[in-house]
Amino acid sequence: MRTLIPSRHWLALALVCCFPAAGAPAVPGLDYYLPIKTADYDPAIPTPQQALGYQIGEWHVRAHERVSYMEKLDALSDRITMQEYARSPGRLPLVMLTITSPENHKKIDAIRKAHVDHVISGEPEAKEAPIIVWMGYSVHGNEPSGTNAAMLLAYHLAAARDAWTKELLQKAVVLLEPCLNPDGGERFASWTNDHRGQVPGAHRADTEHQEGWPSGRPNYYWFDLNRDYVPAVMPESQGRLRLFHEWQPSIMTDYHEMGSTAASYFFQPGIAKMVNPLTPPQNQELTRALAREHAKALDAIGSVYYTGEAYDDFYPGKGSTYPDLNGSVGILFEQSSSRGFHQDTDRGRLTFPFTIRNQLTTSFSTLRVALSQREDFKGYQTTFYRDALEASRASKTKAYVFSAPGDRARMDAFRTVLTRHQINYSLLANDLKQGDRTFGKDDSIVVPVQQRQYRLLTALFEHRTEFQSAIFYDVSGWHLPSAFGMLSAELTSEPATAKHEAASLAGKVIGSEKPYAYAFAWEPCFAPRAMFKLLQAKVRCWTTMRPMDTPSGLHFNPGSIIVPVGSQDAIAADALRSLMQSIAKDDQFDIHALTTGMNTGVPDIGSPSIRPVKNDGVLMVVGPGVTSTSAGDVWFEFDQVWKAPLAKVEASEISQSTLKSFSTVILAGTAMSAFKDGAKEALEKWVAQGGTLIAIGSSVASLANEKWASATIARSGGETSTKTGTAKPAATPTPRYDEADERRAEREVKGAVVRSTFDPTHPLCFGYSLHQPFIESLRTSTSSLKPAANAYLNPLRYTDDFPVVSGYISKTNQNTIKGTTPVQLRESGEGRVVFFTDNPVFRGHWLGTEKLLANAIFFSPLVRTGGGDDEKEEQ
């Protein structure tokens with residue numbers, strides 16, 4: 001396949017390759033990288049340099065160049081087949097190379113099937129069966145040494161004719177994924193190549209090393225793909241999970257980069273006491289066997305490295321931990337990054353070619369261990385699920401039951417995640433009474449504990465709050481039922497179940513062909529999407545502030561949407577009905593056609609309690625000073641979930657003329673210092689004139705300092721206003737120096753699931769069931785909001801008892817957050833400011849709280865505070 005390279009890159013290639021200037025760095029050849037010096041390479045297979053026009057390490061490879069080279073290897077080598085397993089949101093292909101001997105390729109489907117069957121059944125594989133090794137590189141786009149090393153590894157495995165390589169390919173199937181994040185990689189390569197001179201800059205501050213916002217680390221939607229293995233929100237992750245379970249690799253590598261200052265190299269095992277306790281001990285023994293070979297290989301080339309510290313192996317949503325709970329051995333590698341071509345560090349100059357060589361060196365050492373100890377890895381894998389089944393029989397919990405009453409789309413999303421992870425579930429055969437709650441057979445599912453995925457489902461469903469250490473690299477809690485807002489219960493016996501069959505999720509319009517009004521509940525997760533569609537079509541929409549009962553026996557909770565037919569002037573009745581039918585079908589809930597405006601009791605549809613809902617558009621501040629992943633969560637919610645327009649505007653562009661076109665502005669992880677030259681004043685004036693400002697996450701503490709939006713932050717060690725600083729903590733014994741990391745970690749909240757009570761009649765809580773006892777959010781901050789004296793401003797409160805559902809929060813931080821509020825509304829002139837200390841759309845899968853954001857957008861202007869001093873807090 002022919003590929004075109006932009007002219008500026010051809011010019012750069014000519015400058016670097018053909019006319020190197022004095023002082024331009026020398027770029028090593030293949031002998032520098034490839035550790036097997038005696039290999040005889042097939043001249044029919046092009047080297048990367050022959051295909052690219054430059055040597056690996058000389059330039060940052062672009063997505064089209066990488067894929068084009070892999071296509072060449074597929075076409076020219078009988079050892080390689082390439083498949084595209086997904087398309088990124090940016091429409092770039094994600095590819096996997098299957099590399100093995102020509103003889104194995106002839107029976108590759110049989111090899112795969114036999115391997116998976118043995119893993120699942122627990123029966124030992126034949127001794128001659130190949131080991132399956134997955135080599136994955138650069139899930140973070142600005143960690144380029146991995147993807148460049150992958151190209152060299154692919155070349156070697158395609159072209160080398162030495163005895164060791166031939167033996168490897170006869171006894172192994174190598175699944176090589178050269179770039180897990182092509183969108184981020186493309187963003188990074190474009191930046192770095194475009195900012196590099198003939199003589200590259202080595203200073204850390206050089207623009208070659210300092211990417212523009214949002215950087216190449218995240219994917220197209222600014223998501224961290226190395227946190228997405230469990231929720232699998234992104235197509236990259238969905239495709240990867242499908243392939244993982246189709247192959248069940250024995251070893252799965254995960255190649256990363258870390259900060260430049262360390263100028264070192266990490267490989268697992270990590271912190272011993274922070275291995276997920278559901279991971280079998282033999283997994284770590286095999287990890288140490290790999291580590292010994294990595295150390296030997298890095299010793300041979302004189303590279304410094306470390307292991308056993310700094311990184312945990314706990315959260316199953318990461319690429320090196322997910323395999324551990326699925327029968328594989330996952331291995332994390334972290335190479336200090338040169339970012340651009342080279343960078344000066346405290347340990348000397350770190351070069352791009354050097355980082356590539358380290359990654360390639362441990363790629364080869366991984367394959368050496370896979371070959372020499374393949375029986376150990378295969379043996380471990382065939383006992384993994386068998387042992388899990390045995391452990392499940394001893395569990396006191398025999399099943400879990402889950403329900404999402406009135407929200408078939410949310411239940412379908414939850415079931416989809418379970419299916420992606422090969423977790424079996426069934427429907428209830430009969431209604432099930434548990435305590436004061438009844439799980440209906442038509443909207444509940446049962447997950448039996450006794451199944452091969454016992455370890456993974458336990459990790460996803462358990463309420464773990466005790467840990468050996470406070471040090472977490474990522475979240476410490478991720479309770480999946482909480483994320484999806486599921487009603488749930490643990491069962492000590494397995495109930496009668498029924499097989500689930502595919503059923504249509506589409507809703508319908510029920511009732512009169514010529515209605516007086518249409519009405520639908522606000523509980524379904526796609527109700528906000530429907531609201532955006534209606535408002536974009538200029539349909540007048542109202543909401544009921546009180547429960548409403550119709551003469552036909554229908555009941556509508558507060559927040560239900562009313563669309564009066566006779567009040568429309570922008571859409572004809574027939575067109576409105578067609579739109580309603582389309583919404584019911586696509587957004588998966590029923591819409592009711594009402595024949596009268598008079599209801600049973602109050603309110604009638606013309607009541608003052610039925611109020612118009614309006615929104616002229618939503619703007620989100622982006623750019624420098626904004627946490628890209630937080631902003632990405634909101635962008636994804638609008639673009640992919642609600643399918644609604646969202647204007648993304650940099651803080652430097654905020655002005656009165658810009659703001660006047662919008663009803664809502666969202667600050668997601670935004671520092672107020674990002675606003676310059678009167679922008680904050682423009683924002684203040686816009687709110688005072690009736691705008692709704694929503695602050696999420698770290699934006700809360702920053703915005704709380706502004707007088708016009710002030711709130712009081714409760715911090716660990718005392719409750720103080722941000723205007724006066726943090727209270728001095730109580731005196732403690734002099735700590736040991738070697739305990740500093742643990743003590744620092746105890747002060748942090750890296751991610752834990754917390755529980756709040758709520759007022760279901762408050763507009764900011766519309767859509768939450770009157771029978772739902774709590775709302776559970778994911779907390780990643782130590783900042784909490786002290787409740788305002790006016791209770792109407794505090795729609796949610798953390799529970800006064802133990803508020804932690806899953807994860808680690810120190811006793812000090814727990815005491816601080818008890819009774820505080822994660823959501824607070826403030827009035828400023830005619831407008832509203834809504835604070836969310838916990839991200840309501842966390843990582844694209846926290847369906848249990850996403851409705852809170854929709855409520856803030858649509859219903860904040862409807863909140864009547866009913867008196868009270870907004871500037872005072874409870875005493």
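Predicted model: local features only at pLDDT ≥ 70, side-chain atom pairs only at ≥ 80, totals over all residues.
Me: Where do I start? What does the secondary structure come to?
Reply: Start with the elements. This protein has 25 helices and 37 strands.

Me: How does the radius of gyration compare with the globule rule?
Reply: Set the two values side by side. The radius of gyration is 29 Å, and the globule rule gives 29 Å for 875 residues, so the protein is as compact as a globular protein of that length. The C-alpha atoms fill a box of roughly 90 × 70 × 65 Å along the principal axes.

Me: What share of the residues is buried?
Reply: Buried means under 20% relative accessible area. Here, 61% of the 875 residues are buried. The protein exposes about 33500 Å². Carbon and sulfur atoms supply 50% of that area.

Me: How do I read contacts along the chain? What share joins residues 24 or more positions apart?
Reply: Take the contacts with a separation of 6 or more. Residues 24 or more positions apart account for 79% of them.

Me: Now a helix. How do I check the span of α7?
Reply: Here is the general idea. An α-helix has 3.6 residues a turn, so residues three or four places apart point the same way. For length, compare the expected span with the distance between the ends. Helix α7 covers residues 145-159. At 1.5 Å a residue, its 15 residues should span 21 Å, and its end C-alpha atoms are 21 Å apart, which agrees.

Me: Is α7 mostly covered or mostly uncovered?
Reply: Mostly covered. In α7, 15 of its 15 residues are buried.

Me: What does the span check give for α9?
Reply: Agreement again. Helix α9 has 13 residues, 182-194. They should span 18 Å at 1.5 Å a residue, and the end C-alpha atoms are 18 Å apart. The buried residues of α9 include Pro182, Phe188, Ala189 and Thr192.

Me: How do I read a single residue? Where is histidine 105?
Reply: Ask for its place, its cover and its contacts. Histidine 105 is in helix α5, residues 102-105. Histidine 105 has a relative accessible area of 15%, so it is buried. Not counting residues up to four places away in sequence, histidine 105 touches Asp78, Arg79, Ile80, Thr81, Thr98, Ile99 and Thr100.

Me: Is alanine 682 buried or exposed?
Reply: Alanine 682 counts as buried because its relative accessibility is 5%. Alanine 682 lies in helix α21, residues 679-688. Leaving aside neighbours within four places in sequence, alanine 682 is in contact with Ser655, Gln656 and Leu659.

Me: How do I compare sequence distance with distance in space? What about alanine 682 and methionine 135?
Reply: Alanine 682 and methionine 135 are 547 residues apart along the chain, and their C-alpha atoms are separated by 51 Å. Now take another pair. Proline 231 and histidine 421 are 190 residues apart in sequence and 9.8 Å apart in space, C-alpha to C-alpha.

Me: Where does proline 231 lie?
Reply: Proline 231 lies in the loop between α9 and α10. Proline 231 counts as buried at 5% relative accessibility. Beyond neighbours within four places in sequence, proline 231 is in contact with Tyr315, Val417 and His845.

Me: What should I know about backbone angles?
Reply: Most residues other than glycine have a negative phi, and most peptide bonds are trans. Look for departures from that. The peptide bond from tryptophan 213 to proline 214 is cis, with omega near 5°. Proline 214 is in the loop between α9 and α10. The peptide bond from valine 602 to proline 603 is also cis, with omega near 5°. Proline 603 is in the loop between β23 and β24.

Me: What is phi of arginine 91?
Reply: Near 70°, a positive value in a residue other than glycine. Arginine 91 lies in the loop between β1 and β2. Its relative accessible area is 69%, so arginine 91 is exposed. Arginine 339 has a phi near 60°, which is positive too. Arginine 339 is in the loop between β7 and β8.

How values were computed:
Residues numbered from 1 in each chain as written. Heavy atoms only, no water. Helix = DSSP H or I, 4+ residues; strand = E, 2+ residues; numbered from the N terminus. Rg over C-alpha atoms; globule rule 2.2 N^0.38 Å. Buried < 20%, exposed > 50% of the residue type's maximum accessible area, 1.4 Å probe, protein only. Contact = heavy atoms within 4.5 Å. Areas by Shrake-Rupley, 256 points an atom, 1.4 Å probe, with all protein chains shown as cover. Expected span 1.5 Å × (residues − 1).
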